[in-house]
Amino acid sequence: MIITAEPSFTYDGAYMKQLGYFLNNVVVSSPEISPENVNVPGRLGTLNMGNDIGSRQITLDVSLYCFSQEDFNEKRLYLENLVILQEPVEKPLVLDTDAQWTYYGQFTGISDFEWVNGYDYSVTLTFTCADPLKYGEQMTYNIINNILKFTPKGQKQTFPVIHAIAQKDATWCGLSTVDQFVYVGGKVDVETGETATTIYNPVLTDTAQNMDLWQRQSSETFTQVDNGTVGKGSYFQQSDDDINVKDFGENTGKSTEWYGPALKRMLTKQLANWKVTWRIQSMNNYKRAENKFELYLLDSAGKVIGKLGIKDNGEGSEQEINVQVYRADGSVKSVGQFKPTVKNKKAVALSRKQKVKKTDSKGKVTYSYITLKESLNENNSTNDLTDFYGYIEIEKVGNKFFATVVKLDTKNRNELNRWESVWTDEFDTFKKDLAGFVLYAGKRSITEDAKGISYKSNYLAFCDLKVYERAEIKEETILSSTPEVIIWEGDELIFDCERGRIYKNGQLFMDAMHIGTDFIKFIGGVQDEIVFAEGFDWTMHIRPTAL
């Protein structure tokens, strides 16, 4: 019998009481403390450098209330797989006994399961917090009149994350307290009042919020899909903040080819030197699914001159990214091929029940479940591009091409990883100007498709596309007496003071920082005042901390 009044805990967003796990007792230890003393030659005694604050441990005595032996086996299996992880992954833990605070860490110990009575058991879990701080609920402040005087909650220092949306074009942006400031802006020569001209002029900013700007393509209007076609009846759909695949349609090509939807958009001018940044999301929903997501670069005649693409060939959930350029004769050259090291490569037999969709002659759809008579190999492998959210970038400067891949955190857009490559077109055979794009998403049929077995294809979404005209500066810096505009109306800036980074529209924006910038920090319980630059809509997020 489950006693619902007993406390429990929430781990990684899952409330464990609803799954049948309860807290008998919990012990939150104080962080480890050790003195930091430095021996100084010629000095009597040592120099006191304060205390070194180490990690903390939380011990949870957990009960499993079960209805049967099978119920216990399932609960035990779930709990062991939840807490026994080899990867260094820190996840949030909230205790019912002190629900206003969140701890971040990893389970580092699990005892043997001890029988209590009936089918009930108890087990002791050890949760280690490398970061000994506990975090309160995030507070959000909408800034009015560009000034905020407030007293942060908590007891320890905390770092805000501050958002700014530009109301107009600007040459700088910043914020400050009495003794700290963050400033980004063009560098000005104090002797002449001149500043170096920008080498990137924005040509296109598509935030994927208006699909009407793109033209839907068919297998007749776009015939240059690599090893594939535009699927019959395929289409993308518009969501609140991206354009994603609704239906891959029907395959009208070979059974081994890719098929799916395509959209086309042309620029208002041709660019000889350019930079293209394509932000996307490719989430691996089914290990055996085979999907790819591509952005084809076009010349003024609509011929493909380059491609950015991410591909999942179905070998587990790992993905690869390719950045390529095309010569006039149709040959392809790789600017960058990014295939991170495969992890957890282990194939298993998939023989469970599968959902099957059936459509009768009248169009009525029904579903049933079948057990596969033949096993399908399912690979558990992943890599650093699995569940990818980030941007792929290609830049052309004369006969040089630069490829960059950046993986971002889906919650705060912080940079998690970066890969770069460069290629020089020594014989100058790539001369086509950039004039447009085709957005393409494809799938390749697998056994499940032939058997009518339902499964989830990868989630493929286009989030943002930016195009810049690149000035080719070869000999000397070009000067202009006009201050450089570095922020345009509608741009989003994020000042992440905890990580010491600034982002513009999801990309790292650190090349225009003023010397002396000191990222803002607050102390819980101490009143402070912060002033923000005019011409922006400001919002500040901050989390209280304590020991």
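This report walks through a predicted protein model, from its confidence scores to a few individual residues.

## What you're looking at

Residues are numbered from 1 along each chain as its sequence is written. Because the model is predicted, local features need pLDDT of at least 70, side-chain atom pairs count only at pLDDT 80 or more, and totals for chains, interfaces and linings use all residues, while side-chain values use heavy atoms, leaving out hydrogens and water.

Start with pLDDT, the predictor's confidence in each residue, from 0 to 100. The protein averages 85, and 86% of the residues score at least 70. Helices (H or I, at least four residues) and strands (E, at least two) are DSSP runs, numbered from the N terminus. Confidence is highest in strand β27 (residues 291-298), at a mean of 97, and lowest in strand β18 (residues 195-196), at 47.

Now find helix α1, which covers residues 69-83. Its 15 residues reach 21 Å from the first C-alpha to the last, close to the 21 Å expected at 1.5 Å a residue. That expected span is 1.5 Å times one less than the number of residues.

Which residues of α1 are buried? They are Asp 71, Phe 72, Lys 75, Leu 79, Leu 82 and Val 83. These residues cover an arc of only 100 degrees around the axis, so they sit on the same side of α1; the arc is that of the directions from the helix axis to the C-beta atoms. Here, buried means under 20% relative accessible area, exposed means over 50%, and partly exposed is in between (1.4 Å probe, protein chains only). There's a handy rule behind this pattern: an α-helix has 3.6 residues a turn, so residues three or four places apart point the same way. The face turned away from the buried side carries the exposed residues Glu 70, Leu 77 and Asn 81. Among the elements covering the buried residues are β1 (9-11), β3 (21-28) and β6 (56-64).

## Salt bridges across the chain

A salt bridge is a side-chain nitrogen of Lys or Arg within 4 Å of a carboxyl oxygen of Asp or Glu. The whole structure has 20 of them. In one, Asp 206 pairs with Arg 265, with the closest N and O atoms 2.6 Å apart. Asp 206 is in strand β19 (residues 200-206) and Arg 265 in strand β25 (residues 262-271), 59 residues apart. Asp 206 is buried at 3% relative accessibility, and Arg 265 is buried at 17%.

Another salt bridge joins Glu 469 and Lys 269 (2.9 Å, N to O). Glu 469 lies in strand β39 (residues 459-470) and Lys 269 in strand β25, so the pair ties together parts that are 200 residues apart in sequence. Glu 469 is partly exposed at 26%, and Lys 269 is partly exposed at 37%. Then there's Arg 288 with Glu 448, whose closest N and O atoms are 2.8 Å apart. Arg 288 is in the loop between β26 (274-283) and β27, Glu 448 is in helix α2 (residues 447-451), and the two are 160 residues apart. Both are buried. Elsewhere, salt bridges that share partners join Asp 226, Lys 292, Glu 294 and Lys 307 into one network.

## A few residues to look up

Phe 401 sits in strand β36 (residues 400-408) and is buried, at 0% relative accessibility. Its C-alpha atom is 5.7 Å from that of Val 422, which is 21 residues away along the chain. Beyond four places in sequence, the contacts of Phe 401 include Val 325, Val 335, Trp 423 and Phe 430.

Most residues other than glycine have a negative phi. Asp 12 has a positive phi of about 55 degrees; this residue lies in the loop between β1 and β2 (14-15) and is partly exposed at 42%. Asn 146 has a positive phi of about 60 degrees, lies in the loop between β12 (139-142) and β13 (147-150), and is partly exposed at 21%.

Definitions and conventions: Contact means heavy atoms within 4.5 Å.
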